[in-house]
Amino acid sequence: LISRPLRIHAGQALELDRFAHIRLAPKSDCLMLENADQESGDANIAVRGGIWDMDNLRQTPNPLAVPTPALKAQTTYVASTYLGIGMRFVNVRGLTLQGLTFKDPVTFCVQLCRARDFTVDDVTFDFNMGNPIPGNMDGIHLDGGCRFGRISNLKGTTYDDLVALIADDSFDAPLHGPLSDIEIDGIFAEGAHSAVRILSNHSPVERISISNVHGTFYQYGIGITNIYSG
């Protein structure tokens, strides 16, 4: 049971039993895990194993669905703002996430920004229907500056984009910018919102490979949109 974010440093690996259960304490309203030096950057970080349970029904409701007046007024990224995200990695070179289950997040399971040389593999999503609604619940969410990555073997249903490649996001993104050289191989989902969304308002998105998408999706399979699209 944790009540504040775990912080992992450069050159560290967190190795857990595949089914070790890490749960966020009620009303913690925070990330579960983040890299330690997001300003100067970290290198060579690995997280393997574990069921990462945000226990969303016992956190403050999804702030993107039920925004406070302060959040409605926010126009720029503030790291301390509660957005219901499970893990965040910013400015990391050499990142591995492997063999994890994400259970009942408030919003995104994982947010990556300016991640380079990264691997996300063998990830399972185990979601309830959300707090208060099944919305904004991305699986793997990439913001600007991500390049040279592989995302593979994702299983389970999410209630927003299972993989989101978002070059120009809103105030919830640490950085707007290009996305390039990313391979997505192996999505297995039934009754999910969508498989992959590629979004750009002005930044280039280049050399994206998507293969072996299997499942049923009630919004779209693969969407290519701009920031103003629903």
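Predicted model: local features only at pLDDT ≥ 70, side-chain atom pairs only at ≥ 80, totals over all residues.
Residues are numbered from 1 along each chain as its sequence is written, and side-chain values use heavy atoms, with hydrogens and water left out.

Biologist: How many disulfides does the structure hold?

Modeller: A disulfide is a pair of cysteine sulfur atoms within 2.5 Å. The sulfur of Cys109 has its closest cysteine sulfur in Cys30, 15 Å away, which is too far for a bond. Cys113 is in no disulfide either, its nearest cysteine sulfur, that of Cys146, being 6.0 Å away. The number of disulfides in the structure is zero.

Biologist: Is Ser203 buried or exposed?

Modeller: Buried means under 20% relative accessible area, exposed over 50%, and partly exposed in between (1.4 Å probe, protein chains only). Ser203 lies in the loop between β12 (179-199) and β13. Its relative accessibility is 9%, so Ser203 counts as buried.

Biologist: With which side chain does the side chain of Ser203 make a polar contact?

Modeller: A polar contact is a pair of N or O atoms within 3.5 Å; within protein, one must be able to donate a hydrogen and the other to accept it, and residues adjacent in sequence count only if both atoms are side-chain atoms. At 2.8 Å, the partner of the Ser203 side chain is that of Asp168.

Biologist: Where is Val213 found?

Modeller: Val213 is partly exposed, with a relative accessible area of 31%. Its place is in residues 205-225, strand β13.

Conventions: Helix = DSSP H or I, 4+ residues; strand = E, 2+ residues; numbered from the N terminus.
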